[in-house]
Amino acid sequence: MPRAAAAGGSSPPALPAEWAVRLQSPNGPLADDEKVLAWLEIDLDAKLRFAPGMVVVSSERLLAMSADDRQWQSWPYRAGLTLTRRDHAGVGTLELCDVDSLLGAWRYTLGGDVAAGRLVDHFSRQLGFRLNGEVAPASPLALCPNCETPLLAGQEECPVCSKEIHEPPSTWTLLRLGRFARPYRGQLLAGFVLSLLTTAATLVAPYLTMPLMDNVLIPYQNGKPIEPALVALYLSGLLGSSLVAWLLGWGRTYILALVSERIGADLRTTTYEHLLKLSQEYFGGKRTGDLMARIGSETDRINIFISLHLLDFATDVLMIAMTTAILVSIDPWLAAVTLLPLPIIAWLIHVVREKLRTGFERVDRVWAEVTNVLADTIPGIRVVKAFAQEQREAARFRAANTHNLEVNDRVNKVWSLFSPTVTLLTELGLLIVWAFGIWQIAKDQITVGVLTAFLAYISRFYLRLDSMSRIVSVTQKAAAGAKRIFDILDHVSSVPEPTHPVHLPRVSGRIELRSVGFRYGTRSVTRDISLLIEPGEMVGLVGHSGSGKSTLVNLISRFYDVTEGAILIDGVDIRSLPVAEYRKHIGLVLQEPFLFFGTIAENIAYGKPAATRAEIIAAARAAHAHEFILRLPHGYDSLVGERGQALSGGERQRISIARALLIDPPILILDEATSSVDTTTEKEIQKALDNLVRGRTTIAIAHRLSTLRDANRLVVLDRGSVVEVGSHDELMAREGHYYRLYEAQARNVDTEDESQTLKLDARDEGDRE
């Protein structure tokens, strides 16, 4: 496998010993002041045979030596040079070109693709420095701690490790939640009106302190007796406003809490339903833990934002606006002094928001890394324990958790400084108001009651201002969560529903492939496959691993769409049929059957939930599963455990066959349905399959070629193309690809079957225990 490194400082990287001697010896090509920045040890020659080689990026040039070279080849940096990398069919290629010619090409297995990308990054950077007439720094770019990919200045996240380009979330993303809030606009309007009334009620109390001071307390100090009726009037007003504010606040909070829960539920449901409609290609590039975190914790965060913090924000804005109006009406000059800290706080909010909006999205994705470890380990706990890898998985979790801690620390460093700063500014503002108010009282411009009322309003004003500043953090968290959810909702399936769907009332099972080709990214998987399968015919797909067998059945099942040609069912292009409607005509039995947590009856009836118990039992009998089901403690109501772990491999497979039998599909796909079981169990499964394939168009992939002898035709694939078609006897007579495959397997079958039978028998017994 290719090895690679990049310099992390001014000293050269540690080259493999054999290459270090060739490169850095006195007779080597490196000059005294020339530094090695990155290297890739290649492992394939021009004919794709395994052979060692080396490509090096130095501070002055590109150096390379392959197995066929007697000395180093060298290309100094100059205008027109380009170094690119690409991959095809599991082989990566580095190509060095100038304006009109190919100067060099080196091949490697794809295990070195990340390293090759790193090499290209260093080359492009050094070439850019030379073309711009700049002096390259003594040390190369900062490197990702995981894969050592060069990072740009200020870039905290590795584009190779993250696999995606992440744009910082915008606060405006929250406005897209409006379509989920639209059905509840009446309740939201009621909540807003209640917020308005609640805020107005809370502003009554400070206003009443003004006459209470000027008309009751200060006159009493000057010798005037207190009037009980007047005091009772003011205190009744204070009590009444508090009770009204409490009642209105309760109603407002209750209504908005109900609305937020319903918006969150709709958001979760919509996201999950959209997720189910996405193609297999989307799930191939995603982690289970990440998707679970998006649908679960992100929607919860949005719920809290809507029910609590958005409400608080609206209340704060209303409170500040109303308080400002009251302050200005009482004394404009004192009001102006009160508002002095506002511009500074607004500037701070702007600066911090820019930092937090990227930080919180990174926090979310790093937390998804933690859940990914759990999603990997818990379902695979048996493998973890079987290979005694508990410490390794604990280390993985510890590393993910530490990374999560580091990212949170960076965000908290910004936030922890911001919040106390706002508090300090509000305290300074209060101090200025005291000083200015005392000066105005000394000049007889205001009364003590006015200053008291002002201070009461200001305490509320600054409290709300401080609360608004704190909402910045929550808003950015909610925006980051909304962005990650809309990343799912905005993704368009690569297997789209037809614009003008065609409906087939009945499917006979005639399948036609017309010049079918499929590319996965830049890699061509299948090419120009044409095949006609008649209704009721059984066709076996044969070939080495990686020849395109599973890809072909995935295309027929429309887990992916063809990139070239077309697949037709009964003369109709499958892309013009509704996806779910089309797949109901296909029964699929996989090499590794997946069972859901639940009873055996529920798993058999998964494709037909309304099936009667009699239909379920009939399907189980046909799948030769009825006998072992009856031996279980609760028969058909026995729980199968997580992913069917309570059953053996053969038992799970027969449940899977019964599940396919129950929906009675006209088309059946068997993807190595017997490859992971012992010989005895295979015979039982084969009996079940004989019942299953009867009268159906069947496409079968089998690990053991002998199990396909009854197929009407065998299609032999090699490197994504059809190379032979015929019956078993015809292909044996030709002595071509199929003959060589069959003979090679026949020579090993005795010893392999004996060994596999012993291992799988032991495994099935262990599964049952």
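This is a predicted model: local features need pLDDT of at least 70, side-chain atom pairs count only at pLDDT 80 or more; totals for chains, interfaces and linings use all residues.
1. Residues are numbered from 1 along each chain as its sequence is written, and side-chain values use heavy atoms, with hydrogens and water left out. The axes of α5 (residues 185-202) and α6 (residues 204-221) come within 4 Å and cross at roughly 20°. Axes here are lines fitted to C-alpha atoms, for helices over the stretch in contact, with angles running from 0 to 180 degrees between N-to-C directions. Helices (H or I, at least four residues) and strands (E, at least two) are DSSP runs, numbered from the N terminus.

2. How do α5 and α6 lie to each other, roughly parallel or roughly antiparallel? They are roughly parallel; that label covers angles under 35 degrees, while over 145 is roughly antiparallel, 65 to 115 roughly perpendicular and the rest oblique. On the α5 side the contact (heavy atoms within 4.5 Å) is made by Ala-200, Ala-201 and Thr-202, and on the α6 side by Val-204, Ala-205 and Pro-206. Those residues divide into five nonpolar, one polar and no charged. For the sorting, Ala, Val, Leu, Ile, Met, Phe, Trp, Tyr, Cys and Pro count as nonpolar, Asp, Glu, Lys and Arg as charged, and the others, Gly among them, as polar.

3. Now the whole chain. It has 23 helices and 20 strands. Of its 769 residues, 47% are buried; buried means under 20% relative accessible area, exposed means over 50%, and partly exposed is in between (1.4 Å probe, protein chains only). Among contacts with a separation of 6 or more, 70% come from residues 24 or more positions apart. The chain exposes about 38900 Å², with carbon and sulfur atoms supplying 58% of that area; the areas come from the Shrake-Rupley method with a 1.4 Å probe, and for residues only the protein chains shown count as cover.

4. Have a look at helix α18 (residues 613-622), too. Which of its residues are buried? They are Ile-616, Ala-619 and Ala-620. They cover an arc of only 100° around the axis, so they sit on the same side of α18; the arc is that of the directions from the helix axis to the C-beta atoms. These buried residues pack against α17 (600-604), α19 (626-630) and α20 (649-662). Just after α18, His-624 takes a positive phi of about 55°.

5. Why mention phi at all? Most residues other than glycine have a negative phi, and most peptide bonds are trans. Asp-570 is not a glycine, yet has a positive phi of about 50°. You'll find Asp-570 in the loop between β14 (564-569) and β15 (572-573), and with 24% relative accessibility it counts as partly exposed. Arg-719, also not a glycine, has a positive phi of about 55°. Arg-719 belongs to the loop between β19 (713-718) and β20 (721-726), and at 67% relative accessibility it is exposed.

6. Next, Leu-639, in the loop between α19 and α20. Is Leu-639 buried or exposed? Its relative accessible area is 53%, so it is exposed. Leaving aside residues up to four places away in sequence, Leu-639 touches Phe-597, Gly-598, Thr-599 and Ala-646. From Leu-639 to Glu-602, 37 residues apart along the chain, the C-alpha atoms are separated by 9.4 Å.

7. Ala-479 lies in helix α14 (residues 448-489) and has a relative accessible area of 0%, so it is buried. Its C-alpha atom is separated by 9.7 Å from that of Glu-298, 181 residues apart along the chain. Leu-23 is in helix α1 (residues 17-24), and at 1% relative accessibility it counts as buried. Leu-23 and Trp-72 are 49 residues apart in sequence, but 8.5 Å apart in space, C-alpha to C-alpha.

8. Last one: Asn-408, in helix α13 (residues 390-442). With 24% relative accessibility, Asn-408 is partly exposed. Where Asn-408 and Arg-362 are concerned, the gap is 46 residues in sequence and 8.9 Å in space, C-alpha to C-alpha.
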